[in-house]
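Please take a moment to look over the sequence and the model below, and then follow the paragraphs with the structure open beside you.

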Amino acid sequence: MANNEWWKGAVIYQIYPRSFQDSNADGIGDLQGIIQRLDYIKSLGVDAVWISPFFKSPMKDFGYDISDYRDIDPMFGTLDDFDTLISEAHNRDIKIIIDQVLSHTSNQHPWFVESREDKTNDKADWYVWADANPDGSPPNNWLSIFGGVAWQWEPRRCQYYLHNFLTEQPDLNFHHPEVRKAVLDNVEFWLKKGVDGFRLDAINFCFHDKQLRDNPAKPIELRQGRGFSEDNPYAFQYHYYNNTQPENLLFMEEIRALLDRYPGTVSLGEISSEDSLQTMAEYTADGNKLHMGYSFELLTNDYSAKYIRETVSRLESVMTEGWPCWAFANHDVERVASRWSIDGKVNDTQVKMLTALLGSLRGSVCMYQGEELGLGEAAVAFEELQDPYGITFWPNFKGRDGCRTPLPWTKAKTNAGFSESKPWLPVSEAHALRAVDEQAVDSNSTLSYYQAFLQWRNAQPALKTGDIEFIDTPEPVLAFYRKTQTQTLLCAFNLAATQQSATLPEVALRQCELKHLSGTASANVLTLGAFGCYFAEVLS
């Protein structure tokens, strides 16, 4: 495999910078904090880090509302700090992937400040503007993911502007060629600085339907959202017209053409559509669009072998050319150690099994900071909430703050070593008990397992780039082969808290030497302990 395709089968560690490490005692994590922890990141055995937004922003959506795409927000540091981060990471053979939020800007971005003034300025058509209906109502029925209508009235222009997210996040008009050029120029700014790739936020939201057609209603029994609560009216529609438009595929080609001028760089698109798996396949097809795509399909509450098998199998059937990327957790959903727990409590054995399962699926892997420590969802009181999403939908949906609390580094230190000052979100007491310093000296900890598994995985060609073939096993056992021309591995997982058995095809197996395995195979019968996993090389 060419070095330019280093991302195939890579493990990408997501850093939410506000909550990773505070270096200047202001209660907020920063770039220097990441630099200080690069040796820790190296010790994990990951290939790259993806850093959530650190650009200048009013922080209405904590950096996903950008007011200057080419500068660092002072709370995170400076451009010089970023240059140092790139250099120090590359010295450790760690790739740097950064977020790019292309579909919308902050309402404080100079482009929008100019665009909103009147209908004749140079940026007048850079955002999605529309006249009111005769009765003064918004131009159509589109809804915002954060609740309510997706249109905001602007008295300067006597028009509405579109915002698929917060009102402070106006959508750019990608039908305008100058917008696309300006956006790509901003992307290239960071390529010239030496980044290794981009995670493209909500990338299927760039284009809207030019005719502004209404979205059709969704039947009540189908109102199940991924990444948003079911009491959110956003789930009441099929979102056929406010995102995932055909024109966006051509823009994916423009992004790829730019990255192809910087060999070895990669694009990873976040995709949330009415059929996210099909969209992932389309956005990574033909070798001229995105390198990888990921969706919310395994960030749901469905924790069954059947669901995981069917989801991965369906993507395999439609993504015949592209490369998938899988995740069980990120900064937008409840932590997986809680979301998929059996009894509401974090179970270390289950956490270890989930690390192995995620690392065994075909594709690349995104792992969120704290997964290696087995962190569960933190409890955040209403008065301490920061997330506007959670504040709006409290108490039915508590938002995303519970997965964004600071990482615990040293159990005995103030704020578990994250900051000497009051953090922007409280450090969970339960998390402090799982601090890095405690787990680093415990050979049975989830951290030690994470490191051992990734080290072992890195030496298995089948797990890095092999094909996947599922084996017919009863719930709650999930089993499959990973195959290259030189290696075939059997991978099996028990998703339950009780011992399980399954019948395997009659093949000769040699069990892999891997820490914390809790399964055995005798003849063609596989026995797995509670949350057990089993790996074996197929000999015939």
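Is Cys533 buried or exposed? With a relative accessibility of 2%, Cys533 counts as buried, where buried means under 20% relative accessible area, exposed means over 50%, and partly exposed lies in between (1.4 Å probe, protein chains only). The model is predicted, so local features need pLDDT of at least 70 and side-chain atom pairs count only at pLDDT 80 or more, while totals for chains, interfaces and linings use all residues. Residues are numbered from 1 along each chain as its sequence is written, and side-chain values use heavy atoms, with hydrogens and water left out.

Helices (H or I, at least four residues) and strands (E, at least two) are DSSP runs, numbered from the N terminus, and two strands pair if DSSP finds at least two bridges between them. Strand 16 (residues 488-494) and strand 21 (residues 533-538) pair in the antiparallel sense, over 5 bridges. They belong to an open sheet of 5 strands, in the order 14-15-16-21-18, with antiparallel pairing. Strand 14 (467-471) and strand 18 (509-511) stand at the edges with a single partner strand each, so one side of each is left without a neighbour in the sheet. From one strand to the next, the twist averages 30°. Helix 10 (residues 348-358) packs on this sheet and touches strand 15 (477-483), strand 16 and strand 21, and its direction makes about 145° with that of strand 16. Here contact means heavy atoms within 4.5 Å, and axes are lines fitted to C-alpha atoms, for helices over the stretch in contact, with angles running from 0 to 180 degrees between N-to-C directions.

The cysteines can be considered next. A disulfide is a covalent bond between the sulfur atoms of two cysteines, and the rule used here asks for a pair of cysteine sulfur atoms within 2.5 Å. A search of the whole structure finds 0 disulfides. Cys533 is in no disulfide, and the nearest cysteine sulfur, that of Cys491, is 9.6 Å away. Cys366 is buried, with a relative accessible area of 3%.

In one of them, Asp83 pairs with Lys193, the closest N and O atoms being 2.8 Å apart. This pair links distant parts of the chain, because Asp83 is in helix 3 (residues 79-91) and Lys193 is in the loop between helix 5 (177-192) and strand 9 (197-201), 110 residues apart. Asp83 is partly exposed at 31% relative accessibility, and Lys193 is partly exposed at 23%.

Glu254 forms a salt bridge with Arg180, with the closest N and O atoms 3.2 Å apart. Glu254 lies in helix 6 and Arg180 in helix 5, so the pair ties together parts that are 74 residues apart in sequence. Glu254 counts as partly exposed at 30% relative accessibility, whereas Arg180 counts as buried at 18%. Helix 6 (residues 247-260) also holds Arg256, which is buried at 13% relative accessibility.

How values were computed. A salt bridge is a side-chain nitrogen of Lys or Arg within 4 Å of a carboxyl oxygen of Asp or Glu.
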